[in-house]
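Dear colleague,

I am handing over the structure that follows, together with some notes on what was found in it. Please read the notes with the coordinates open beside them.

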Amino acid sequence: MDGIAYKTTSNEANLIAYKSSYGPDIKVVIKDPVREVYIGEELFRVIRSQGSASTEYKVEYADGHYYTIVDQDGSLLTYDERGEPSIMIAAYEGNKRILGENDERYWPSWILLAAYPDYQPERGNLFAFIGALVLMVYGWCLFKYQWFQNFLFLISLKWIWTNSQEPSDFYYFSSKAGGIVAIVLAISLLIKSLSY
């Protein structure tokens with residue numbers, strides 16, 4: 001919500017609670033088909049209704065105005081009170097969002113995501129995680145083991161068209177430097193794979 005990651009601290013039959021180190025606590029009270037979302041002290045209501053072709057959610061703000069969010073095969077489309085599509089655009093200065101005259105502090109889609117955890121995206125990327133581990137092992141072997149460097153020299157077929165049958169000292173040095181670069185890239189990919 002607003003670029004802040006929240007962790008579910010309670011997920012009971014009629015209560016969901018979220019906490020974050022950087023944002024206000026969020027509490028969701030479930031009274032189907034209505035869910036009351038408390039962000040700090042502010043109250044928002046999410047009312048679910050099943051249409052013929054899609055599920056609709058009415059997100060009501062404390063001052064009485066509302067937005068309608070339509071789930072069309074997993075895509076959430078937001079409409080304002082007049083039924084016109086509502087596109088939320090944000091501008092940031094540093095890490096702080098700049099609110100315009102008619103901007104909502106909490107977007108309706110954020111409130112819906114808090115009220116219905118099924119819509120929350122899964123965190124982490126298994127393929128990137130495995131790729132980072134493979135890249136880290138490759139970088140470590142390239143940096144540490146001369147037999148691995150010799151094996152890469154052999155399969156690169158450079159020995160066929162060069163005068164030297166053995167790798168040069170510069171080849172060993174560049175292999176070690178390449179191993180360090182691969183390890184640094186693997187660590188950054190590993191961190192990114194956990195936050196997707």
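Phe 170 is found in helix α5, where helices (H or I, at least four residues) and strands (E, at least two) are DSSP runs numbered from the N terminus. At 60% relative accessibility, Phe 170 counts as exposed; here buried means under 20% relative accessible area, exposed over 50%, and partly exposed in between (1.4 Å probe, protein chains only). Between Phe 170 and Gln 72 there are 98 residues in sequence and 59 Å in space, taken from C-alpha to C-alpha.

Before going further, please note that this is a predicted model, in which local features need pLDDT of at least 70 and side-chain atom pairs count only at pLDDT 80 or more, while totals for chains, interfaces and linings use all residues. Residues are numbered from 1 along each chain as its sequence is written, and side-chain values use heavy atoms, with hydrogens and water left out.

Helix α5, which spans residues 169-195, also holds Ser 193, and Ser 193 is buried, with a relative accessible area of 1%. Leaving aside residues up to four places away in sequence, Ser 193 touches Gly 124, Asn 125, Ala 128 and Phe 129, a contact being heavy atoms within 4.5 Å.

Next come the helices α2 and α3. Two packed helices are described by the angle between their axes and the distance between the axes. For α2 (residues 126-144) and α3, the axes come within 6 Å and cross at roughly 100°; the axes are lines fitted to C-alpha atoms, for helices over the stretch in contact, and the angles run from 0 to 180 degrees between N-to-C directions. The two helices are therefore roughly perpendicular to each other, given that angles under 35 degrees count as roughly parallel, over 145 as roughly antiparallel, 65 to 115 as roughly perpendicular and the rest as oblique. On the α2 side the contact is made by Tyr 138, Cys 141, Leu 142, Phe 143 and Lys 144, and on the α3 side by Gln 146, Phe 148, Gln 149 and Leu 152.

A nonpolar patch on the surface is formed by Trp 140, Tyr 145, Trp 147, Phe 151, Leu 154 and Ile 155, with about 660 Å² of accessible area together. Patches are made of residues with over 30% relative accessible area and no salt bridge, like charges being joined within 9 Å and nonpolar side chains (Val, Leu, Ile, Met, Phe, Trp, Tyr) within 5 Å, and the areas come from the Shrake-Rupley method with a 1.4 Å probe, where for residues only the protein chains shown count as cover. Helix α3 (residues 146-155) gives the most to this patch, with four residues. Trp 147 lies in helix α3 and, at 56% relative accessibility, counts as exposed.

Finally, the structure holds three salt bridges, each being a side-chain nitrogen of Lys or Arg within 4 Å of a carboxyl oxygen of Asp or Glu. In one of them the side chains of Lys 31 and Glu 36 meet at 3.5 Å, N to O; Lys 31 is partly exposed at 47% relative accessibility, whereas Glu 36 is buried at 14%. Arg 45 forms a salt bridge with Glu 60, with the closest N and O atoms 3.8 Å apart. Arg 45 lies in strand β5 (residues 42-50) and Glu 60 in strand β6 (residues 55-60), so this pair ties together parts that are 15 residues apart in sequence.

With best regards
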